[in-house]
Amino acid sequence: MADDIKFIVSSFETRQPLPYADGGIHAGFPSPAQDYVDLQLDFNRDIIRHPEATFYARVIGNSMKEAGILPGDLVCIDRSIEPSDGCIAVCFYDGEFTLKQLDYSRQAEGILILRPRNKDYEPILVTRDSNFEIWGVVAYTIHSFLK
C-alpha cells in the first residue's frame with residue numbers, strides 16, 4: 001500500500017489554551033494594528049467537534065503530497081463526518097490503512113475510486129467485493145516545517 005498511518009491516542013479532556021492572533025498573519029507587509037494577541041485557541045475546544053469520534057494519525061508515505069499532506073504530518077480524523085465525493089479519508093482496504101481522496105464518479109457502477117494526490121501512484125478501485133471500510137474523514141492537517 002502506498003501510505004500507512006500511525007494512530008495516536010490523545011485525551012481531549014485536557015485544556016491547553018494557546019495565544020491566538022485573531023486578525024490573521026499577513027504574508028505580505030505586517031499590520032501595525034496587530035501589536036497584541038488577546039484571544040486563545042484550544043485545539044480540544046476549537047478544532048475537535050466530536051471528541052468521542054475523533055482521533056489523530058501521523059502520515060507515513062507521500063501519496064497525498066499534492067494535497068499538501070506530507071510524511072510526518074498529523075491528520076485529525078473525525079469518524080462522525082459523513083464521507084462525500086472529494087473529501088480525504090482514512091480507509092481500511094485489504095487489511096491496511098491508507099489515506100486517499102474519495103471519488104464517487106463511478107458509484108453507479110458499484111465502484112469507489114481512492115485517488116492518491118501524487119502522479120506517481122495509481123488510483124485504487126474499490127468494488128462491492130473488496131475488503132473495505134471508510135474509517136473517518138480528515139478534518140484538519142497539522143504540518144511541521146521543523147525537521
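A salt bridge is a side-chain nitrogen of Lys or Arg within 4 Å of a carboxyl oxygen of Asp or Glu. Side chains of opposite charge can pair when their charged atoms come close. The structure considered here is a predicted model, and it holds three salt bridges.

| Salt bridge | N to O distance |
|---|---|
| R79 and E133 | 3.5 Å |
| D103 and R115 | 2.6 Å |
| E109 and R106 | 3.1 Å |

In one of these pairs, the side chains of R79 and E133 meet at 3.5 Å, N to O. This pair links distant parts of the chain, 54 residues apart: R79 belongs to the loop between β5 (74-78) and β6 (88-93), while E133 belongs to strand β10 (residues 132-142). R79 has a relative accessible area of 40% and is partly exposed; E133, at 38%, also counts as partly exposed.

A salt bridge also joins D103 to R115, with the closest N and O atoms 2.6 Å apart. Because D103 lies in strand β7 and R115 in strand β8 (residues 112-115), the pair ties together parts that are twelve residues apart in sequence. D103 is buried, at 12% relative accessibility, whereas R115 is partly exposed, at 31%.

In the pair of E109 and R106, the closest N and O atoms are 3.1 Å apart. E109 is exposed, with a relative accessible area of 51%, because exposed means over 50%. R106 is partly exposed, at 28%.

Strand β7 (residues 96-103) also contains T98. T98 has 0% relative accessibility and therefore counts as buried. The side chain of T98 makes a polar contact of 2.8 Å with the side chain of K100.

Notes:
Residues are numbered from 1 along each chain as its sequence is written. This is a predicted model: local features need pLDDT of at least 70, side-chain atom pairs count only at pLDDT 80 or more; totals for chains, interfaces and linings use all residues. Side-chain values use heavy atoms; hydrogens and water are left out. Helices (H or I, at least four residues) and strands (E, at least two) are DSSP runs, numbered from the N terminus. Buried means under 20% relative accessible area, exposed over 50%, partly exposed in between (1.4 Å probe, protein chains only). A polar contact is a pair of N or O atoms within 3.5 Å; within protein, one must be able to donate a hydrogen and the other to accept it, and residues adjacent in sequence count only if both atoms are side-chain atoms.
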